[in-house]
Amino acid sequence: EVANLFTVQSGRPFTVYSGINTVSNSVQATANCTGCTPNLGHVVQESGTNFFFTADQRARFSFPAPGQLGNTGRNFFTAPRVFDLDMTLRKRFYFSEQRNLEFRADVQNLTNTPSFGLPTATFTNSVFGRIRDGVVSSSRRIQLGVKFYF
């Protein structure tokens, strides 16, 4: 017997904030971004650290003018997608109608694909755009088991 669970999800929307309050003291403004589209960004590695935006893409962001909100808006960008495949393989050997032996292998994250969390999304933060080790999936796990039913 084979059973599997397959999950594919598009990335979660997120907002890039400017880190300053340009309209009021209680509303943080979104950032301005020159030539940005909602599908801008993907996971890249810089000096061994995972970032969602490349250095060139991070340079496109700026502060909005006083009294204005940024041009990117709420939930403008989309985070990395999620991909997960779990599988179970099972074989039963029957000795009689009431007795059988079951061998089982359960595998979580069969393809060992990392699924990343949201990046740091405040423009004034020194680590803006960094995902670092924000992985929301676990590494591949295999569990073997034997059961005797009587």
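This note goes through the sheet, the aromatic rings and a few single residues of the structure above.

1. **Ground rules.** This is a predicted model, in which local features need pLDDT of at least 70, side-chain atom pairs count only at pLDDT 80 or more, and totals for chains, interfaces and linings use all residues. Residues are numbered from 1 along each chain as its sequence is written, and side-chain values use heavy atoms, with hydrogens and water left out.

2. **The sheet.** Start with the strands. Helices (H or I, at least four residues) and strands (E, at least two) are DSSP runs, numbered from the N terminus. Four strands form an open sheet in the order 1-8-9-10, and their pairing is antiparallel. Two strands pair if DSSP finds at least two bridges between them. Strand 1 (2–9) and strand 10 stand at the edges. Each has a single partner strand, so one side of each has no neighbour in the sheet. On average, neighbouring strands here are turned by 10 degrees against each other, direction ignored. Axes for such angles are lines fitted to C-alpha atoms (for helices over the stretch in contact), and angles run from 0 to 180 degrees between N-to-C directions.

3. **Strand partners.** Strand 1 pairs with strand 8 over eight bridges, in the antiparallel sense. Find N4: its bridge partner in strand 8 is M87. Strand 8 and strand 9 are also antiparallel, with eight bridges. Here R92 stands opposite E102 of strand 9.

4. **How open is strand 1?** Buried means under 20% relative accessible area, exposed means over 50%, and partly exposed is in between (1.4 Å probe, protein chains only). Strand 1 has eight residues, and the number buried is zero, so the strand lies largely in the open.

5. **Aromatic pairs.** A pair of aromatic rings is described by the distance of the centres and the angle of the planes. Rings of Phe, Tyr and Trp (its six-membered ring) pair if their centres lie within 6.5 Å; planes under 30 degrees apart count as stacked, over 60 as edge-to-face and the rest as tilted. The whole structure holds 17 aromatic pairs. One of them is F53 with F128: the centres are 5.8 Å apart and the planes stand at 25 degrees, so this pair is stacked. It links distant parts of the chain, 75 residues apart. F53 is in the loop between strand 5 (49–51) and helix 1 (55–58), while F128 is in the loop between strand 9 (100–108) and strand 10 (141–149). Both F53 and F128 are buried.

6. **A pair across the sheet strands.** The rings of F93 and F103 have centres 5.8 Å apart and planes at 80 degrees, so they are edge-to-face. F93 belongs to strand 8 (residues 82–94) and F103 to strand 9, so the pair ties together parts 10 residues apart in sequence. F93 is partly exposed, at 39% relative accessibility. F103 is partly exposed too, at 37%.

7. **Cluster and charges.** One aromatic cluster is made of F14, F52, F53, F61, F63, F76, F77, F123 and F128. A charge sits over a ring if NZ of Lys or CZ of Arg is within 6 Å of the ring centre and within 35 degrees of the ring normal. R58 has its charged end over the ring of F51, 4.3 Å from the centre. R92 lies over the face of Y149, at 5.4 Å from the ring centre.

8. **S18.** Which loop holds S18? The one between strand 2 (13–14) and strand 3 (32–33). S18 is buried, at 0% relative accessibility. Its side chain reaches the backbone oxygen of I20 at 3.3 Å. Contact means heavy atoms within 4.5 Å. Not counting residues up to four places away in sequence, S18 touches several residues, including A31, F63 and F123.

9. **T72.** T72 is in the loop between strand 6 (61–62) and strand 7 (77–78). At 4% relative accessibility, T72 is buried. The side chain of T72 reaches the backbone oxygen of A31 at 2.8 Å.

10. **Two positive phi values.** Most residues other than glycine have a negative phi. N75 has a positive phi of about 55 degrees. N75 lies in the loop between strand 6 and strand 7. Phi of N112 is near 55 degrees, also positive. N112 lies in the loop between strand 9 and strand 10. N75 is partly exposed at 31% relative accessibility, and N112 is partly exposed at 38%.

Notes: Polar contact = N/O pair within 3.5 Å; in protein donor to acceptor, adjacent residues only side chain to side chain.
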